Amino acid sequence: MIQRNLDGNSIIIRLEMKTKTINFGEVASAISTAGGDIVAIDVISTNQDVTVRDLTVAITDSEQNKRIIDQVRKLDGVTIINVSDRTFLLHLGGKIEITSKTPINNREDLSRVYTPDVARICTAIAEEPHKAYSLTIKRNTIAVVSDGSAVLGLGNIGPEAAMPVMEGKAMLFKQFAGVDAFPICLQTQDTEEIIRTIKAISPAFGGINLEDISSPRCFEIEERLNKELDIPVFHDDQHGTAVVLYAGLINALKLAGKTLENSKIVICGIGAAGVACSNILLSAGAKRLIGVDREGALVRTAVYDNPVWQSYAERTNPELEEGTLHEVLKGADVFIGVSKGNLLTREHILTMAKDPIVFAMANPVPEIMPSVIEDIVAVAATGRSDYPNQINNVLCFPGIFRAALDCRASVINEEMKLAAATAIASSISDEERTKHYIIPSVFNDRVVKRIRESVIEAAIQTGVARRFPRKNNETTS
Ligand SMILES: NC(=O)c1ccc[n+]([C@@H]2O[C@H](COP(=O)([O-])OP(=O)(O)OC[C@H]3O[C@@H](n4cnc5c(N)ncnc54)[C@H](O)[C@@H]3O)[C@@H](O)[C@H]2O)c1
Ligand SMILES: O=C(O)C[C@H](O)C(=O)O
Ligand SMILES: [Mg+2]
């Protein structure tokens, strides 16, 4: 097997070659003519008539991918069996699994982990239910629950299609904060049924992370569950996003020499993320905030079916600006996009105030690509990991749940969210702050520790902590 640099995008072409009709050199040359770079060759099977090989080919974009496949298809004696990319391969069989903490090697082990001895543990919990925290996975386990109704910016793609995102979130919880998370996608989009189901499964969990549930249902679901359950329920798309957005904006405003109070801020997409981002900015002192959705700017003189929009319009847009996104964007200091990809062009950004801040956070395709506006903005950010300044809730949810689980918080309240935002923003010092570095990397291992410490402190101060854990560097029990 030949193996070279596998960085970047690549596809794997499994093909069958008739050895008497074609030789490998001809295949390689067709791929190279179409601009592909063969970086690995694996022989899967071979006999005197046919040989089956996997060719890993580095590509730059999907157009090139198509050109390569077309070239290979034209060759006599070659059949393409399958084309896969590394991302698909990584998802084969899902991305996570459950492993046991202790092995079961003999009968004695078996009777301890299972019947009959396990019965004594069950009885102990039945007598004192709080022991579920010490004798089961509850203290370190949360459920990541979605109904598949607002998955990234892909929309209502359903529960099965939402699973890869929820599995990914579970990986992030574990990797960045040691939290065990179960992905759970529900076959219902009915508010009452979602609430009932989450309540019914809650005994196993120390917290519930709601994910990718569309607005306005997400507001009621979260509020009701927080009232009716004694474990924290946190809608990540609302609060995780708001926390990280606020952290990024604190640093971006400093760089642009602007203030939250005086800046004209346009938020596009008044759904789960947009409402929560607006709320955190209003409570931090923003005054000139305008929300825009599909029908244009939300303004209090209009009447909306959606009660959340009505209350939103009452609290925002003090100058009663009306019009489309492009119209109200004129003269704005800050654009925050939590809507849909590709809504803006460079020309639109040119109509903003001097040194504009553009946070285009729709996933996976932002409202505008930073590369298009790099030279005309003070700061650009997206939700993606392949550009600088990733404003993504992944910076918040692992740390905030780590803190909530460790101090056994009954809720994640506003004070805890603000503590998380300032902990994230202050991870970057004045000397470090640049146009391309307003927010720490998710791989910065100081961030989760800082969030944990500040959030636990806020939980204790506000009386929602039910346990007082030790500091970061000490082991918790
Ligand atoms: N970067 C992050 O951390 C992060 C976090 C949460 C959400 N998001 C992204 O934000 C977007 C919204 O997520 P959500 O959970 O709030 O979904 P949501 O469905 O609750 O809200 C989306 C809102 O955008 C509006 N919208 C859609 N197309 C629009 C358009 N052309 N113009 C104006 N408004 C439009 C919808 O009407 C809706 O109100 C998604 O792309 C999601 O990936 C990013
Ligand atoms: O999943 C992400 O990358 C962020 C966010 O939760 C989203 O829905 O886009
Ligand atoms: Mg999400």
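The following legends describe close-up views of a predicted model.

**View 1. The pairing of strand 13 with strand 14.** Strand 13 (residues 334–337) and strand 14 (residues 357–360) run parallel and are joined by 4 bridges. Within this pair, Phe335 stands opposite Val358 of strand 14. In general, strands of a sheet pair through backbone hydrogen bonds, either parallel or antiparallel.

**View 2. The hairpin of strand 3 and strand 4.** Here strand 3 (residues 37–46) and strand 4 (residues 50–58) run antiparallel, with 8 bridges between them. The hairpin that connects strand 3 to strand 4 passes through 3 residues. Asp42 stands opposite Asp54, the latter being in strand 4. In a regular strand the side chains alternate between the two faces of the sheet.

**View 3. The surroundings of Ile231.** Ile231 is placed in the loop between helix 9 (217–228) and strand 9 (233–235). With a relative accessible area of 2%, Ile231 counts as buried, because the cut-off for that class is under 20%. Leaving aside residues up to four places away in sequence, Ile231 touches Tyr133, Lys138, Ser202, Phe205, Gly206, Gly207, Ile208, Asn226, Ser410 and Arg466. Ile231 and Val411 are 180 residues apart in sequence, yet their C-alpha atoms are 6.3 Å apart in space.

View 4. Ser215 and Pro216 are joined by a cis peptide bond with omega of about -5°. Pro216 lies in the loop between strand 8 (207–210) and helix 9. A cis peptide bond also joins Asn363 and Pro364, again with omega of about -5°. The loop that holds Pro364 runs between strand 14 and helix 15 (370–373). As background, most peptide bonds are trans.

View 5. Most residues other than glycine have a negative phi. Leu152, however, has a positive phi near 45°. This leucine is located in the loop between strand 6 (141–146) and helix 7 (159–177), and at 39% relative accessibility Leu152 counts as partly exposed. Asn389, likewise not a glycine, has a positive phi of about 60°. Asn389 is found in the loop between strand 15 and helix 16 (397–406). The relative accessible area of Asn389 is 5%, so this residue is classed as buried.

View 6. Ile104, Leu110, Val113 and Tyr114 make a nonpolar surface patch of about 390 Å². Of these residues, Val113 is found in helix 4 (residues 107–113). Val113 has a relative accessible area of 40% and is therefore partly exposed.

Methods: Residues are numbered from 1 along each chain as its sequence is written. Chains are lettered from A and ligands numbered from 1 in the order in which they are written. This is a predicted model: local features need pLDDT of at least 70, side-chain atom pairs count only at pLDDT 80 or more; totals for chains, interfaces and linings use all residues. Side-chain values use heavy atoms; hydrogens and water are left out. Patches are made of residues with over 30% relative accessible area and no salt bridge: like charges are joined within 9 Å, nonpolar side chains (Val, Leu, Ile, Met, Phe, Trp, Tyr) within 5 Å. Accessible areas come from the Shrake-Rupley method with a 1.4 Å probe; for residues, only the protein chains shown count as cover. A salt bridge is a side-chain nitrogen of Lys or Arg within 4 Å of a carboxyl oxygen of Asp or Glu. Helices (H or I, at least four residues) and strands (E, at least two) are DSSP runs, numbered from the N terminus. Buried means under 20% relative accessible area, exposed over 50%, partly exposed in between (1.4 Å probe, protein chains only). Two strands pair if DSSP finds at least two bridges between them. Contact means heavy atoms within 4.5 Å.
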